[in-house]
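This report considers how two protein chains meet. The sequence and structure are shown first.

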Amino acid sequence: MGRVSAGPWRVAVTEGSMAPAILPGDWLLVNPRLTAWPAPGSVVVFREPLSEALAIKRVEAGPGQQVRFGGGFLTLADDEAWLTADADEKTAAAVGFGPPIDSNRFGPVSLDDLVARVVFRYAPLRRVGRIAPRPSEGAAA
Amino acid sequence: MNVINQFLRMLSPKVVVRAHCDLPCGVYDPEQARIEAESCYKIVEKYAGNEDVAFRTRAIHIKEERAELVKHHLDVLWHDYFKPEHLEKVPNLHDLFWQATKQVSKVKASTDLADAKKLLDLIDQVDAAWKATGGNEKTRVAGRPS
């Protein structure tokens, strides 16, 4: 594919749908040089369908994989990923936000809309470090 | 301190990404409430012109359904479309919505055409408020309504 994004290297986060792994106010180093969807579990910056805003979510499933959706299964196309929030409605409410918006709302995201992969948090100081895995995955691992 | 501030400014990201929560569709138009309210108006008219009991029972049932939709559409406009800053242009906004939604309840219980007409007038005031805050340019797709 040879696609290289001209996207940013540093981003600031607003809103709370990635709590508790990523909180509003976090500053992140991201890698915009991507040619494919990173592995499930990675956190990515992408252009959100419908709103066109730059958004951040975690890859739940990648190209060709199946995801549960609407009481059945959906098979992702070979350039699509399924991106979901870490926070459920309650976790998002706890940090002061409405129900998270993710692929359950806006559907699969095309590779064309992938902007960057999150690598590291460099601020605030007390939270510097790698991004924690999704809460449920962390418990399972 | 100044040096630290400068350093921080240098490090601060220029790009903001949203860990996005909730997504309103952004399409709002009082016409949606108006059409349901017109249904109520017409049903009251038809009710008055027909003595048949079964017809009248159905008419009342349908009117209640439509009135509930009016209330829903007004609530969506009130909660989702209108923002605190709109109060500058429409200072009586909250009172207007209170009156309009109360009038819906009245229309539900009433077979008086004047009540249905009053609801239409109140919705027209909501429409004026929507237009005064740029609603018709901001919230419809491809410039509808023409």
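The sections below describe the interface between the chains.

## Basis of the model

The model is predicted: local features need pLDDT of at least 70, side-chain atom pairs count only at pLDDT 80 or more, and totals for chains, interfaces and linings use all residues. Residues are numbered from 1 along each chain as its sequence is written, chains are lettered from A and ligands numbered from 1 in the order in which they are written, and side-chain values use heavy atoms, with hydrogens and water left out.

## Extent of the interface

Chain B places 15 residues in contact (heavy atoms within 4.5 Å) with 28 residues of chain A. The size of an interface is often expressed as the accessible area lost when the parts come together. Here the buried area (accessible area, 1.4 Å probe, that two parts lose on being put together, summed over both) is about 1,800 Å², and carbon and sulfur atoms give 62% of it. In chain B, the most area is lost to chain A by Val17(B), Arg18(B) and Ala19(B), together 33% of what that side buries.

## Strand pairing

Strand S1 (residues 10-14) of chain A and S1(B) run parallel and are joined by four bridges; strands are DSSP runs (E, at least two residues), numbered from the N terminus, and two strands pair if DSSP finds at least two bridges between them. Val15(B) in S1(B) is the bridge partner of Val11(A).

## Charged contact

One salt bridge (a side-chain nitrogen of Lys or Arg within 4 Å of a carboxyl oxygen of Asp or Glu) is counted between the chains. The side chains of Arg18(B) and Glu15(A) form a salt bridge at 2.7 Å, N to O.
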